[in-house]
Amino acid sequence: MGGTMDGTKQQRRGNTRQRIQDVALELFAEQGYEKTSLREIAEHLDVTKAALYYHFKTKEEILVSIFDDLTQPILDLIEWGRRQPHTLETKQEIIRRYSVTLTGAAPLFRFMQENQATVRELRVGETFKERMKGLREIIVDREADLVDQVRCVSAMFTLHAGMFLLQDLDGDPESKRKAVLEVATDLVTQAHRGSANA
């Protein structure tokens with residue numbers, strides 16, 4: 001825990017809550033959200049269900065807390081982006097920061113990818129859609145033509161696809177992340193130049 005930059009935040013939240021989230025996300029990813037019970041989570045943590053209930057009353061509460069914690073950087077990025085000029089440099093920085101956010105939340109996004117039906121039924125699905133709309137608003141020029149708007153949105157989803165579809169490609173994870181980031185940045189750059197020349 002001590003190696004994180006936000007170590008004070010980690011300590012304030014306490015170890016138990018974090019451990020519950022980590023174990024639950026691991027179990028949700030391994031066997032699916034529906035097939036994981038609170039009892040199993042408690043057993044893996046070697047705590048009683050009562051101890052688990054002290055922190056979370058339901059599986060959905062656990063999932064929502066994981067989602068909120070791991071996607072907070074997306075909200076921070078949207079807030080930051082809204083205060084910036086709508087320049088190419090800003091858009092490139094948004095893509096760079098979003099890439100870092102996705103890397104930090106990789107287990108959650110893998111879970112969401114593999115459990116799409118469950119995610120759609122839960123509150124996190126709607127919340128994620130809202131966050132994606134917020135990102136779209138700060139990266140897309142409304143006056144750009146449709147092709148350039150699609151390029152900007154595609155840059156975001158290139159980063160998503162890179163997390164899942166490139167796992168079997170040769171190369172170390174950091175090289176693949178950089179390659180995906182380069183492609184996403186190229187899309188945003190091309191879109192920005194297209195709208196500047198319009």
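Student: Where does α5 bend, and by how much?
Tutor: In this predicted model, helix α5 bends by about 45° at Thr 71. A proline, Pro 73, follows within four residues of that position.

Student: How many residues does α5 have, and what distance does it reach from its first C-alpha to its last?
Tutor: Helix α5 covers residues 59-82, which is 24 residues. The helix reaches 34 Å from its first C-alpha to its last, close to the 34 Å expected at 1.5 Å a residue.

Student: At what angle do the axes of α5 and α9 cross?
Tutor: The axes of α5 and α9 (residues 123-139) cross at roughly 10° and come within 10 Å. Angles under 35 degrees count as roughly parallel, so α5 is roughly parallel to α9.

Student: Which classes of residue make up that contact of α5 with α9?
Tutor: The contact has twelve nonpolar, five polar and six charged residues.

Student: Changing topic to α3: which of its residues are buried?
Tutor: In helix α3 (residues 38-45), the buried residues are Leu 38, Ile 41, Ala 42 and Leu 45. Viewed down the axis of α3, they fall within an arc of 100°, so they line one face of the helix. In general, an α-helix has 3.6 residues a turn, so residues three or four places apart point the same way.

Student: And which exposed residues does the face turned away from the buried side of α3 carry?
Tutor: That face carries Arg 39, Glu 43 and His 44.

Student: What about Met 112: buried or exposed?
Tutor: Met 112, in helix α7 (residues 106-114), is buried, because its relative accessible area is 9% and the cut-off for buried is under 20%.

Student: How far apart are the C-alpha atoms of Met 112 and Gly 125?
Tutor: They are separated by 8.7 Å, with the two residues 13 residues apart along the chain.

Technical notes: Residues numbered from 1 in each chain as written. Predicted model: local features only at pLDDT ≥ 70, side-chain atom pairs only at ≥ 80, totals over all residues. Heavy atoms only, no water. Helix = DSSP H or I, 4+ residues; strand = E, 2+ residues; numbered from the N terminus. Expected span 1.5 Å × (residues − 1). Bend = angle between axes of the 7 residues up to and from the residue. Axes fitted to C-alpha atoms, helices over the stretch in contact; angles between N-to-C directions. Parallel < 35°, antiparallel > 145°, perpendicular 65-115°, else oblique. Nonpolar A, V, L, I, M, F, W, Y, C, P; charged D, E, K, R; others polar. Buried < 20%, exposed > 50% of the residue type's maximum accessible area, 1.4 Å probe, protein only. Arc of directions from axis to C-beta.
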